[in-house]
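This report describes a predicted model of a protein. The account begins with aromatic contacts and then turns to charged pairs, strands and overall architecture.

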Amino acid sequence: MRPKNGSGCCWPCCQRTTQLHPDAPHKARQIWCSKDRLATWTAFMRDGKELTGTDKCDTSALDKIEAMGDELGITGTPGLIFGNGRLVPGAIAKDDIEKLLDAK
């Protein structure tokens, strides 16, 4: 998400949520190992395209991301961390996101 008028930014954090989605780690690795991670993630999440690529590459960064989420207390997805340090677990309305982006 882009900062609005130079104000705070928002970092979305998605945990792999293995308990809810047993195949999530495999899918996360497939996306990570793809040639174009953003395009692959977008096609999968927004367009419903099946993941067909390999999950065989260095995915140690995914473990680091998950550990950081655990350290920050993120227990689900999505988790939004705003520029002022506020963590909002779960989905929230666009208007609420805009207000939090402007918060100090």
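## Aromatic residues

A search of the whole structure returns 0 aromatic pairs. In general terms, such a pair would be described by the distance of the ring centres and the angle of the planes.

An aromatic ring does, however, take part in a contact with a charge. The charged end of arginine 37 sits over the ring of tryptophan 32, at 3.6 Å from the centre of that ring.

## A nonpolar surface patch

Tryptophan 41 belongs to helix 2, which spans residues 37–45. Together with Leu38 and Met45, Trp41 makes a nonpolar surface patch of about 350 Å². The relative accessible area of tryptophan 41 is 41%, so this residue is classed as partly exposed; the range for that class lies between the limits of 20% for buried and 50% for exposed.

## Salt bridges

Side chains of opposite charge can pair when their charged atoms come close. In this model the count comes to 3 salt bridges.

One of them joins the side chains of arginine 29 and aspartate 55, with an N to O distance of 3.1 Å. This pair links distant parts of the chain, as its members are 26 residues apart: arginine 29 lies in helix 1 (residues 24–33), and aspartate 55 lies in the loop between helix 2 and helix 3 (60–72). Arginine 29 has a relative accessibility of 25% and therefore counts as partly exposed, whereas aspartate 55, at 12%, is buried.

Aspartate 55 also forms a salt bridge with lysine 56, at 3.3 Å from N to O. Lysine 56 is exposed, with a relative accessible area of 68%. Through shared partners, the salt bridges join Arg29, Asp55 and Lys56 into one network.

Strand 2 comprises residues 79–82, and both of its faces are covered. Gly79 and Ile81 are buried on one side, while Leu80 and Phe82 are buried on the other.

Strand 2 runs antiparallel to strand 3 (residues 87–89), and 3 bridges join the two. Among the paired residues, glycine 79 has proline 89 in strand 3 as its bridge partner. The hairpin of these strands has 4 residues between them, and glycine 85 in this hairpin adopts a positive phi near 90 degrees.

## Overall architecture

The protein contains 4 helices and 3 strands. Read from the N terminus, the elements follow the order β-α-α-α-β-β-α. Of its 104 residues, 28% count as buried.

Conventions: Residues numbered from 1 in each chain as written. Predicted model: local features only at pLDDT ≥ 70, side-chain atom pairs only at ≥ 80, totals over all residues. Heavy atoms only, no water. Buried < 20%, exposed > 50% of the residue type's maximum accessible area, 1.4 Å probe, protein only. Pairing = 2+ DSSP bridges. Patch = residues over 30% accessible without salt bridge, like charges linked within 9 Å, V, L, I, M, F, W, Y side chains within 5 Å. Areas by Shrake-Rupley, 256 points an atom, 1.4 Å probe, with all protein chains shown as cover. Salt bridge = Lys/Arg side-chain N within 4 Å of Asp/Glu carboxyl O. Phe/Tyr/Trp six-rings, centres within 6.5 Å; stacked < 30°, edge-to-face > 60°. Lys NZ or Arg CZ within 6 Å of the ring centre and 35° of its normal.
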